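This briefing concerns the structure shown below.

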Amino acid sequence: MSRTILDRELRELDNQIVRLGSLVDKALEAALEALETGDLAKSGIVIEGDELIDSLRTSSEEHTIRLLTMQQPLGGQDLRYLTSVLSIVGDLERMGDGAAGIAQNILRMAPLRGNGTTIAVEGTPVSGSSAKEITEAAVLHGLIELGNEARRVLQGTMKAFADRDGKAARYIWQEDDVVDVRYHLVRHDLMAMMAGAHAIPALQSDSLVLQRVTYLLWIAHKLERVGDHCSNICERIVFIVEGEKSMQQPAE
C-alpha cells in the first residue's frame, strides 16, 4: 500500500471516528431533552439510533484491522494511531450505550410519575434545592446540568482528537473532575431523599418515589461514565501525538 493510499485510508478512518463521536453527542443531547420534557417518542428514537452507533464502531474496527494487516511494517504515529483507534471507538460506543440506557430508564419511569416529591432533610442540600428540603424538580435540574457538562467534555475530547492536540487532551482529561463533582452533588441529594425517617412520609404519600429515585441514580451514573470514557480517549490522544502514556504536563 503506497503512502498516498495509506494517507487517504487514514483520513477516511478519521472521518468515521469523528462521525461516531458526533452521533454519540447527538444521542446524549436527545436523551437529555427526553429526560427534561418526558418525551417518550424521543427516548425511542435514541434507543433505535444506538444500532447505527454500534454499526459504525464495527466498521471502524474492521477498517483499522484491515490497515494494520495490509500496511506492514508500520511505525511511529501511524501505528500508535491505529492501535489506539480500537480503544477510542470502544469508549465512544459505550457512551452511546449509556445514552440508550438513559432513554430506556425514561421509558421505565413513565408509569411511575408522581406530582413531584419534596422531602425535608437535615442539613443543606447541594443540588439547588432550598435549605432543608429536596425536590425532584431540583434533582432533575441537577441531572440536566450534569449531562450538559458531560457533553461539553465529549465535544472537547472530539475536537482534541480531530486536531491531534495533546495539550487540549490533557486539559479535558482534568475536566472530568467537574463532571465527577456534579455527579456527586446529584447523588448526594438522591440518596438523602431516601435516607432516614424523613423518607417515610414521602413513601406513604407516594409509593412510587423510591423507584423513581433509583432510576434517576442510574441515569446519573451513566452520565458520569461519559466523563470517564472521555478521559480514556484523551489518554489515547496524548499517546498518539506524543508517544507518552503519562497525563502529567511535560516540563517546559
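**Surroundings of Ile106**

Leaving aside residues up to four places away in sequence, Ile106 touches Ala31, Ala34, Leu35, Leu40, Ser43 and Ile219. The model is predicted, and the protein contains 7 helices and 2 strands.

- Ile106 is located in helix H3.
- Because its relative accessibility is 5%, under the 20% limit, Ile106 counts as buried.
- The C-alpha atom of Ile106 is separated by 8.8 Å from that of Leu216, although the two residues lie 110 residues apart along the chain.

**Overall architecture**

- Read from the N terminus, the order of elements is α-α-α-β-β-α-α-α-α.
- The protein has 252 residues, of which 48% are buried.
- Of the contacts between residues at least 6 apart in sequence, 79% join residues at least 24 apart.

**The largest nonpolar core**

- The largest nonpolar core has 65 residues, and the members that touch the most other members are Ile17, Tyr81, Leu92, Leu143 and Ile219.
- Two or more residues of this core come from each of helix H1 (3-37), helix H2 (40-70), helix H3 (76-109), helix H4 (136-163), helix H5 (166-193) and helix H7 (209-242).
- Tyr81, one of the core members with the most such contacts, touches Leu10, Leu13, Asp14, Ile17, Phe161, Arg164 and Ile240 when residues up to four places away in sequence are not counted.
- Ile219, also among those core members, is one of the residues touched by Ile106.

**Packing of H3 and H4**

- The axes of H3 and H4 are 13 Å apart, and the two helices pack at an angle of about 160°.
- This angle is over 145 degrees, so H3 and H4 are roughly antiparallel to each other.
- The crossing of the two helices, H3 and H4, is left-handed.
- On the H3 side, Tyr81, Ile88, Leu92 and Met95 take part, and they meet Leu154, Met158 and Phe161 in H4.

- Thr157 is placed in helix H4.
- Thr157 has a relative accessible area of 0% and is therefore buried.
- The Thr157 side chain reaches the backbone oxygen of Val153 at 2.8 Å.
- With residues up to four places away in sequence not counted, Thr157 touches Ile172, Cys230, Ile233, Cys234 and Ile237.

Notes
Residues numbered from 1 in each chain as written. Predicted model: local features only at pLDDT ≥ 70, side-chain atom pairs only at ≥ 80, totals over all residues. Heavy atoms only, no water. Core = buried A, V, L, I, M, F, W, Y, C linked by side-chain atoms within 4.5 Å. Buried < 20%, exposed > 50% of the residue type's maximum accessible area, 1.4 Å probe, protein only. Helix = DSSP H or I, 4+ residues; strand = E, 2+ residues; numbered from the N terminus. Contact = heavy atoms within 4.5 Å. Polar contact = N/O pair within 3.5 Å; in protein donor to acceptor, adjacent residues only side chain to side chain. Axes fitted to C-alpha atoms, helices over the stretch in contact; angles between N-to-C directions. Parallel < 35°, antiparallel > 145°, perpendicular 65-115°, else oblique. Left-handed = near helix turned anticlockwise from the far one by under 90°.
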